[in-house]
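Subject: Structure for your review

Dear colleague,

Please find below the structure that I am handing over to you. I would be grateful if you could look at it alongside the notes that come after it.

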There are 2 protein chains.
Amino acid sequence: MGGMERADAARNRARILEAASRLFAERPPQDVTMDDIAKAAGVGRGTLYRRYPDRASIAVALLDEHERALQERLLRGDPPLGPGAPPAARLAAFYAAMVELLEDHRHLVLGTEVGRSRFETGAYGFWRAHVRALIVAAGAPDPDALVEPLLAPLAPDVYGRQREALGLTPERITAALTRLAALLA
Amino acid sequence: MGGMERADAARNRARILEAASRLFAERPPQDVTMDDIAKAAGVGRGTLYRRYPDRASIAVALLDEHERALQERLLRGDPPLGPGAPPAARLAAFYAAMVELLEDHRHLVLGTEVGRSRFETGAYGFWRAHVRALIVAAGAPDPDALVEPLLAPLAPDVYGRQREALGLTPERITAALTRLAALLA
DNA sequence: CGCTTAAGCGGACATCGTGTCCACCTATTG
DNA sequence: CAATAGGTGGACACGATGTCCGCTTAAGCG
C-alpha cells in the first residue's frame with residue numbers, strides 16, 4: 001500500500017497466510033486460535049497481530065484474489081455473467097458463480113466469521129452493488145429493500161448448512177437459486 | 001419436565017430470565033457476559049450455568065412463548081396466515097408475521113447467537129417445515145432446495161442490518177418479502 | 001413439628017484466548 | 001559500514017468461560 005514492504009515482512013506475511021490456510025482446512029475455523037496460527041507460521045504473536053487484528057481479516061486476505069477474479073468477470077466478462085444479458089439471466093449466472101466460489105473455499109468462507117462483520121467486507125459491498133444494479137435494470141420497485149433478501153441465501157452459514165446438514169449438491173442449490181433469479185424476469 | 005421444580009429454583013429461573021431480558025435490551029447482547037446476568041439476577045455463576053449453558057439458550061427461553069403463539073396461528077389461525085389461503089398468500093402472511101416478531105424482539109433475536117446454533121432451535125425447524133409445506137402445496141419442484149433461500153432473508157443479522165445500517169422500515173421489508181412470496185404463485 | 005435427604009446454591013478457581021507493549025533485531029539506504 | 005526506520009517475538013495483564021465442591025434450604029415423612 002504505502003511505501004515498500006521489507007523482505008522479512010513479506011516472507012512472514014506469506015508464512016502466516018499459508019499456515020492459516022492449512023489450519024482452516026483441517027479443523028473448524030472458530031477452533032483455530034490466533035496463537036495456533038502464530039505457532040504454525042513460526043512467528044510471534046506480535047508479528048501476527050501487526051497485520052491481522054483477528055481471524056476474519058486473515059480469511060478475507062485469503063479470499064481476496066478469488067473474489068477479485070469474479071468481480072472482474074462481473075464487470076467485463078462475457079454474458080450472461082458480464083454485461084449484455086437480461087437481468088434475470090445475469091443474476092442466475094451470478095448465483096452460479098457464487099456457489100462455485102463458496103464450494104471451492106467453503107472452509108475459508110466460513111472462517112470469515114458469521115455475524116455482522118461479514119457485511120463490512122469490501123467484497124460484500126461489491127456483490128450488493130452488483131445485484132442492486134441488476135434489480136434496477138429489471139425495473140423492479142424498491143431495489144434497496146429487495147437486494148438483501150436476494151443476497152441472503154449466499155450467506156456462508158446458510159450455504160454450509162445446505163451442503164452439510166441437508167446434504168444438497170451444489171447443482172441443486174444452484175437450480176433453486178436460478179428459480180429465485182426468475183423474480184427479475 | 002422431570003419431577004417437580006423446587007420453589008427457590010423456580011424463583012431463580014424467573015429472576016434470571018427477567019435480568020437477562022433487561023440486559024439484552026439495554027446493550028448489544030454479545031457485550032452481556034454470563035457473569036453480568038448472574039450478578040443482575042442476584043444468583044451465583046453455578047446457579048446460572050445449571051440451567052443455561054450459554055447466552056443463546058437464555059435467549060431461546062425468552063423467545064419461546066412468542067414463537068409458540070405464532071406457531072399456533074400458523075397451524076390453526078385464520079387465513080391467510082392459517083390454513084385455507086393459497087400458498088403464495090400464506091407465505092406472504094408468514095413473512096409479515098415474522099417481520100413483526102423480529103421487530104418486537106429484535107434485541108433478543110440477535111442475542112440468539114448468529115451462526116449455526118440458530119439452525120438447531122426447535123423454532124427454526126418449525127418455520128422450515130411450514131415453508132416447505134407451502135412450497136409443496138404450490139407444486140414447486142425440489143422443495144428441500146428452495147426452502148432455505150426463502151427462509152434466509154429472515155436471519156436475524158440480515159434483518160438487523162436492513163433496519164439499522166440501511167434504515168429500512170419494517171413496512172418496506174415486508175413489501176419486498178411479499179414480492180419474494182410471489183414465487184409460489 | 002423435628003428430622004432426613006437430596007436438590008439447589010454460589011463463589012472460588014483453573015484455564016484459555018485476546019490484545020498490548022516494549023526491548024531487541026535486521027533489512028535498507030546513503 | 002554506520003544510521004535508522006521498521007519489523008519481530010514473547011512476556012504480560014486482562015477478562016470470560018465453565019467446573020467443582022462445601023454449604024444451605026425446600027420438601028417429604030414419621
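This is a predicted model: local features need pLDDT of at least 70, side-chain atom pairs count only at pLDDT 80 or more; totals for chains, interfaces and linings use all residues.

I begin with the DNA. In an unreviewed entry, UniProt lists residues 33-52 of chain A as "DNA-binding region". In the model, this stretch of chain A is 75% helix and 0% strand, and the C-alpha atoms at its ends are 13 Å apart.

Around DNA strand D there are 21 residues, of which N12(A), T47(A), R50(A), A7(B) and R45(B) come nearest. Of the atoms of DNA strand D that come within 4 Å of the protein, 56% belong to sugar and phosphate. By type, the residues of this surface divide into 9 charged, 6 polar and 6 nonpolar.

Several side chains approach the phosphates. From chain B, an N or O atom in the side chain of R55(B) is 3.2 Å from a phosphate oxygen of DNA strand D. The largest share, 5 residues, comes from α3(A).

I turn now to the aromatic rings. Over all chains, a search of the whole structure finds 6 aromatic pairs. One of them joins F94(A) and W127(A): the ring centres are 5.9 Å apart and the planes stand at 50 degrees, so the pair is tilted. Because F94(A) lies in helix α5 (residues 87-104) of chain A and W127(A) in helix α7 (residues 122-138) of chain A, the pair ties together parts that are 33 residues apart in sequence. Are these two residues buried or exposed? F94(A) has a relative accessibility of 0% and counts as buried; W127(A), at 5%, is buried as well.

In chain B, F94(B) and W127(B) form a tilted aromatic pair, with 5.9 Å from centre to centre and 50 degrees between the planes. This pair links helix α5 (residues 87-104) of chain B to helix α7 (residues 122-138) of chain B. F94(B) is buried at 0% relative accessibility, and W127(B) is buried at 5%.

Finally, ring pairs link F94(A), Y95(A), F126(A) and W127(A) into a cluster.

Yours sincerely

Definitions and conventions:
Residues are numbered from 1 along each chain as its sequence is written. Chains are lettered from A and ligands numbered from 1 in the order in which they are written. Side-chain values use heavy atoms; hydrogens and water are left out. Rings of Phe, Tyr and Trp (its six-membered ring) pair if their centres lie within 6.5 Å; planes under 30 degrees apart count as stacked, over 60 as edge-to-face and the rest as tilted. Helices (H or I, at least four residues) and strands (E, at least two) are DSSP runs, numbered from the N terminus. Buried means under 20% relative accessible area, exposed over 50%, partly exposed in between (1.4 Å probe, protein chains only). UniProt positions are given in the numbering used here, feature names are shortened, and annotations may be inferred rather than shown by experiment. A residue is near a molecule or strand if one of its heavy atoms lies within 4 Å of it. A polar contact is a pair of N or O atoms within 3.5 Å; within protein, one must be able to donate a hydrogen and the other to accept it, and residues adjacent in sequence count only if both atoms are side-chain atoms. Ala, Val, Leu, Ile, Met, Phe, Trp, Tyr, Cys and Pro count as nonpolar, Asp, Glu, Lys and Arg as charged, and the others, Gly among them, as polar.
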